[in-house]
Amino acid sequence: MSAVEARLAELGLTLPEVVPPLASYQPAVRSGAYVYTAGQLPMVEGKLPVTGKVGAEVTPEEAKELARVCALNALAAVKSVTGDLDRIARVVKVVGFVASASDFTGQPGVVNGASELLGEVLGEKGVHARSAVGVAVLPLDAPVEVEIQVELAQ
């Protein structure tokens, strides 16, 4: 078991299976020393636990937890192309999309769920640049979607 996966276990988390693509793309691709994930929905065992807009059908607190699930799914996608999460030198960038009610402006707080999970799991290697973007709708009516870019150790 890798050190990162041991840390996940300490946190009571299990790395899930990679979420199969919904269309014509790969869950993650490697280019040189970097791995880029596709946008990861908060799928749990093949389905979305909650759907709808944050600030309407979904509370910001629920959405923050869903962003954690997205980040965990993103780590699974990274492992699918690296074979070992211990190869992560650092998380470079996180982009979070939040399906938002028209008056909802708390996107950064929602995406903190992903950022905080990466920090808990990877420590200093999880510190990253980030964008948190409000959108009208996401695939499958998901409340949140997260993609990450990581740099691998040489």
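Helices (H or I, at least four residues) and strands (E, at least two) are DSSP runs, numbered from the N terminus. Welcome to a predicted model, where local features need pLDDT of at least 70, side-chain atom pairs count only at pLDDT 80 or more, and totals for chains, interfaces and linings use all residues. Residues are numbered from 1 along each chain as its sequence is written, and side-chain values use heavy atoms, leaving out hydrogens and water.

**View 1. The annotated domain spans residues 5–148.** UniProt, in an unreviewed entry, names this stretch "domain: Endoribonuclease L-PSP/chorismate mutase-like"; such annotations may be inferred rather than shown by experiment. Here the chain is 31% helix and 22% strand, with its end C-alpha atoms 18 Å apart.

**View 2. The largest nonpolar core has 37 residues.** Such a core is a set of buried (under 20% relative accessible area, 1.4 Å probe, protein chains only) Ala, Val, Leu, Ile, Met, Phe, Trp, Tyr and Cys residues joined through side-chain atoms within 4.5 Å. Leu-75, Leu-118, Leu-122, Val-144, Ile-148 and Val-150 have the most contacts inside it. Two or more residues come from each of α1 (3–10), α2 (60–82), β3 (88–99), α3 (107–122) and β5 (144–152). The most come from α2, with 11 residues.

**View 3. Meet the neighbours of Leu-118.** Leaving aside residues up to four places away in sequence, Leu-118 touches (heavy atoms within 4.5 Å) Ala-71, Leu-75, Val-91, Val-94, Gly-123, Gly-126, His-128 and Ile-148.

**View 4. Leu-22 sits in the loop between α1 and β1 (28–31).** Leu-22 is partly exposed, with a relative accessible area of 48%; partly exposed covers the range between buried and exposed (over 50%).
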